[in-house]
2 protein chains.
Amino acid sequence: MSVFEPISLRPIGVVRSPWKEKFAIPRQSGLARGVESIVELDREWIPAEALRGLEGVSHVWLVCWFHESLADGWRPTVRPPRLGGSVRLGVFATRSPHRPNPISLSLVRLLAVDDRRLRISEADLLDGTPVLDIKPHLPWAEQPEHARCEWAGAAPDRLEVHFAAQAEAEIATHPEAAVLRRVIVESLCWDPRPSSQRDDPTRTFAVALLDVDVRFRVDAAGVEVLTIEPRRRDNLAP
Amino acid sequence: MSVFEPISLRPIGVVRSPWKEKFAIPRQSGLARGVESIVELDREWIPAEALRGLEGVSHVWLVCWFHESLADGWRPTVRPPRLGGSVRLGVFATRSPHRPNPISLSLVRLLAVDDRRLRISEADLLDGTPVLDIKPHLPWAEQPEHARCEWAGAAPDRLEVHFAAQAEAEIATHPEAAVLRRVIVESLCWDPRPSSQRDDPTRTFAVALLDVDVRFRVDAAGVEVLTIEPRRRDNLAP
């Protein structure tokens with residue numbers, strides 16, 4: 001394999017998304033319906049005409065770089081959360097971000113193109129993710145009949161998301177209450193809890209979404225959003 | 001955009017395919033039905049267990065490096081062959097290999113996994129292409145309803161492929177005649193001719209497939225394979 005030249009890449013842009021940390025990002029594209037993100041292209045490198053014709057494309061592939069997974073390295077096998085965290089699969093049989101080359105692949109809905117700025121929805125990408133490429137999705141080539149992935153045969157179960165009275169009051173004061181509500185529901189309904197922390201229904205979790213910190217817990221009735229507060233943790237993207 | 005660290009990649013393996021030059025490679029994955037390729041993983045880096053569970057996956061994404069398109073660089077707009085070569089589209093609205101980061105994306109059928117060797121079909125990759133990543137295709141996330149790409153709304157038209165008497169005689173002497181016939185038919189039926197060279201039905205073209213050189217022409221009746229000869233050109237992969 002030493003015949004290859006080293007490969008080096010330069011990002012074409014960056015993702016701006018409501019997800020300010022990896023926790024609670026839906027574990028696949030296509031799940032977070034109606035949650036918008038932005039792709040900002042590098043204006044010094046990419047001219048606007050490089051996007052000409054994209055308005056006739058409904059879904060695009062975003063090929064990105066899992067920049068926040070890089071430091072952890074990779075292992076040959078991983079334990080997918082949807083298998084309860086006990087079954088090991090080879091990394092190439094999964095979509096784990098911890099890969100030899102941590103390249104991500106997300107199919108997103110393209111809502112609008114405005115100069116070097118793409119409005120998208122249904123992404124699954126951390127705020128600040130470097131974008132490497134954008135490609136049109138071609139349904140006639142990329143939607144084979146009878147395709148199957150045995151260990152992940154269907155979308156994950158969707159939980160009900162309820163807001164406690166305090167959280168309802170807090171969300172009402174947010175300048176973009178409807179957007180925030182949708183981000184919270186579409187992020188938490190897929191049960192973001194690690195497999196190892198699902199046994200105690202009183203346990204609370206905190207996650208940074210948009211400009212707030214959200215506390216929630218999960219029991220048999222679904223997800224209960226407890227509090228919504230202005231961001232306090234300063235180790236996250238603004 | 002200067003916040004990003006430079007990104008460097010190391011291929012995890014290489015594609016072995018019947019396509020020994022770019023000319024006549026089908027212009028998308030999923031088209032060359034029944035044409036097999038091999039992914040050979042780097043045995044010094046990738047352990048066999050990294051593929052555990054892949055046998056339960058019918059289709060995988062191959063993320064590769066368009067190594068033979070690199071030297072030509074990229075332009076903001078390209079002229080897709082299917083639009084007759086006269087319409088310019090932004091490179092990100094197309095699947096052209098000449099991209100800012102020349103990363104390819106191919107959805108292929110996984111036939112078998114044998115240690116660090118994957119048998120696949122329906123690829124569209126040049127022999128010797130470096131492989132960067134392998135991911136399972138997840139139909140429930142990656143087959144959205146009502147997806148559309150207006151400028152490429154359906155598979156390209158398929159031409160009939162006929163073999164002249166001389167080509168029939170030559171193919172019969174090949175040790176893998178049936179494989180060779182399928183590679184020829186599934187490569188030429190999509191009309192590989194450049195848009196600018198379609199006006200003269202007597203013009204002949206040559207292409208390297210497997211271990212032979214194939215000469216053909218295209219007229220209103222379809223593709224006529226004229227001759228099939230052992231490889232003579234030494235500027236190609238063996």
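Two strands count as paired if DSSP finds at least two bridges between them, and helices (H or I, at least four residues) and strands (E, at least two) are DSSP runs numbered from the N terminus. The model on screen is predicted, so that local features need pLDDT of at least 70 and side-chain atom pairs count only at pLDDT 80 or more, while totals for chains, interfaces and linings use all residues. Residues are numbered from 1 along each chain as its sequence is written, chains are lettered from A and ligands numbered from 1 in the order in which they are written, and side-chain values use heavy atoms, with hydrogens and water left out.

**First stop: both chains**

Display chains A and B together: a rotation of 180 degrees, with 0.0 Å of shift along its axis, superposes chain B on chain A with an RMSD of 0.0 Å. That is the relation of a two-fold axis. The superposition is by least squares on the C-alpha atoms of residues with pLDDT of at least 70 in both copies. To place the axis from the side of chain B, select B:Ser8, whose C-alpha lies 2.2 Å from the axis and comes closest to it among the residues of that chain. Of the interface residues of chain B, 100% are also interface residues in chain A, so the copies meet through the same surface.

**Second stop: the barrel of chain B**

Next, select the strands of chain B, where six of them close into a barrel in the order E2-E3-E8-E7-E4-E9 with antiparallel pairing. From one strand to the next the twist averages 45 degrees, where axes are lines fitted to C-alpha atoms (for helices over the stretch in contact) and angles run from 0 to 180 degrees between N-to-C directions.

Follow E4(B), residues 59-65, which runs antiparallel to E9(B), residues 130-136, and is joined to that strand by five bridges; B:Trp61 has B:Lys135 as its bridge partner in E9(B). E4(B) also pairs in the antiparallel sense with E7(B), residues 103-114, over seven bridges, and here B:Val63 has B:Leu105 as its bridge partner. Continue from E7(B) to E8(B), residues 117-121, an antiparallel pair with five bridges, in which B:Val113 stands opposite B:Leu118. E7(B) and E8(B) form a hairpin with two residues between them, and B:Asp115 in the turn has a positive phi of about 55 degrees.

Now select B:His59 in strand E4 of chain B. Beyond neighbours within four places in sequence, the contacts of B:His59 (heavy atoms within 4.5 Å) include A:Pro144 and A:Ala147 from chain A, and B:Leu107 and B:Pro136 from chain B.

Most residues other than glycine have a negative phi. B:Ala24, in the loop between E2 and E3 of chain B, has a positive phi near 80 degrees and is buried at 3% relative accessibility. B:Glu122, in the loop between E8 and E9 of chain B, has a positive phi of about 70 degrees and is buried with a relative accessible area of 7%.

Move to A:Val39 in strand E3 of chain A, residues 36-41, which counts as buried at 0% relative accessibility. Not counting residues up to four places away in sequence, A:Val39 touches several others, among them A:Val14, A:Leu62, A:Leu118 and A:Ile134.

Then select H3(A), whose 12 residues should span 16 Å at 1.5 Å a residue, in agreement with end C-alpha atoms that are 16 Å apart; the expected span is 1.5 Å times one less than the number of residues. Its buried residues include A:Leu180, A:Ile184 and A:Leu188, and what covers the buried residues of H3(A) includes E10, H2, E11, E12 and E13 of chain A.

Finish at A:Arg193, in the loop between H3 and E11 of chain A. A:Arg193 is buried, with a relative accessible area of 8%, and its side chain makes a polar contact of 2.9 Å with that of A:Asp191. Leaving aside neighbours within four places in sequence, A:Arg193 is in contact with A:Phe23, A:Arg27, A:Arg198, A:Phe205 and A:Val218.

Terms used
Buried means under 20% relative accessible area, exposed over 50%, partly exposed in between (1.4 Å probe, protein chains only). A polar contact is a pair of N or O atoms within 3.5 Å; within protein, one must be able to donate a hydrogen and the other to accept it, and residues adjacent in sequence count only if both atoms are side-chain atoms.
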